[in-house]
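Reader: I'd like to learn how to read salt bridges and helix faces in a model. Could you take me through them with an example on screen?

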Amino acid sequence: MPELPEVAALAAYLRERAVGLTVTGVDVVALSALKTYDPPVSALVGRRLTTAGYIGKYLDVSFGELHLVTHLSRAGWLHYRDKITPGPLRPGKGPIAVRVRFDDGSGFDLTEAGTQKRLAVHIVTDPMLIERVATLGPSALTVPLEEFTTQISKNAQIKGVLTDQRTLSGIGNAYSDEILHAARLSPFALGNKLTAGQVSALYDAMHEVLDQAIAHTEGQRAATLKSEKRAGLRVHGRTGLPCPVCGDTIREVSFATSNLQYCPTCQTKGKPLADRRLSKLVR
């Protein structure tokens, strides 16, 4: 799933490549992806792309007073095409959900792979009109330490706290693993049991990991961001490989729809976590 660094990089790429271009057409191929109907997507035609930004894991593309806001979910992505082929797209033929065409012949596709269709596209006059945007927590990049301390002090496992978008916005499964590894914390430590020193280390690790990820994606094209993200990860997705810090074997805990990776030596005092949800877990 694209997280804050990748969405920020996509926004930066759009600002560099497409600001000032005028929309000549919008093709909605997957009706399930479109979550709003007023204003209609046709209202974007004739408008210039003025800027692009992000709110948590949401990409916010501005066309004057209208916004195209999208959540890429687990399998969504943005593909920029320097040359868009003419002609309409046929529903059910490929992963493209929405295509935006510009007056220089270029454009971008919002795509979604797989069968779980969770890509969400909104056309709104204000992103705060989207309920899930309005209820987002503070950005992980800008939240002050004092507010961060309050937000994470919950009787819940810190892995889940970090990825709860109502608590902090922008962190997903991959970067939460990276942050906890850098902070040397178990994914199952309870937020309200962390010491002041652990909270401070977690806050610093969050900024270190996200800042480095953003720097790593700077100047990257949309097409290369996914591979660059994988290349920069130290524990997430590296089950069975050696930890780059201590050399111990990276382990995994699997759940019904997700998994996490961690280093026992760095994070759990050498003890492996039970790989079952209802087991007694090491904290």
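Reader: How far apart are the closest N and O atoms in the salt bridge that Arg81 forms with Asp109?

Author: A salt bridge here is a side-chain nitrogen of Lys or Arg within 4 Å of a carboxyl oxygen of Asp or Glu. For Arg81 and Asp109, the closest N and O atoms are 3.0 Å apart. Arg81 lies in strand 5 and Asp109 in strand 7 (residues 107-112), so the pair ties together parts 28 residues apart in sequence. Helices (H or I, at least four residues) and strands (E, at least two) are DSSP runs, numbered from the N terminus. One thing to keep in mind: this is a predicted model, in which local features need pLDDT of at least 70 and side-chain atom pairs count only at pLDDT 80 or more, while totals for chains, interfaces and linings use all residues. Residues are numbered from 1 along each chain as its sequence is written, and side-chain values use heavy atoms, with hydrogens and water left out.

Reader: Is Asp109 buried or exposed?

Author: Buried means under 20% relative accessible area, exposed over 50%, and partly exposed in between (1.4 Å probe, protein chains only). Asp109 is at 0%, so it counts as buried. Arg81 is partly exposed at 31%.

Reader: Which residue in strand 6 pairs with Asp109?

Author: That is Arg99, ten residues away from Asp109 in strand 7. Their closest N and O atoms are 2.6 Å apart, and Arg99 is buried, with a relative accessible area of 7%.

Reader: How many salt bridges does the rule give?

Author: The count comes to eight. One of them joins the side chains of Arg17 and Asp82 (3.4 Å, N to O). Arg17 lies in helix 1 (residues 4-18) and Asp82 in the loop between strand 5 (76-81) and strand 6 (96-102), so this pair ties together parts that are 65 residues apart in sequence.

Reader: Now for helix faces. Which residues of helix 3 are buried?

Author: In helix 3 (residues 145-152), they are Phe148, Gln151 and Ile152. They cover an arc of only 85 degrees around the axis, which puts them on the same side of the helix. The arc is that of the directions from the helix axis to the C-beta atoms. Glu146 and Thr150, on the other side of helix 3, are exposed.

Reader: What do the buried residues of helix 3 pack against?

Author: Their partners are helix 4 (158-163) and helix 6 (196-217). Contact means heavy atoms within 4.5 Å. Leu145, also in helix 3, is partly exposed at 37%. Leaving aside neighbours within four places in sequence, Leu145 is in contact with Val199 and Tyr203.
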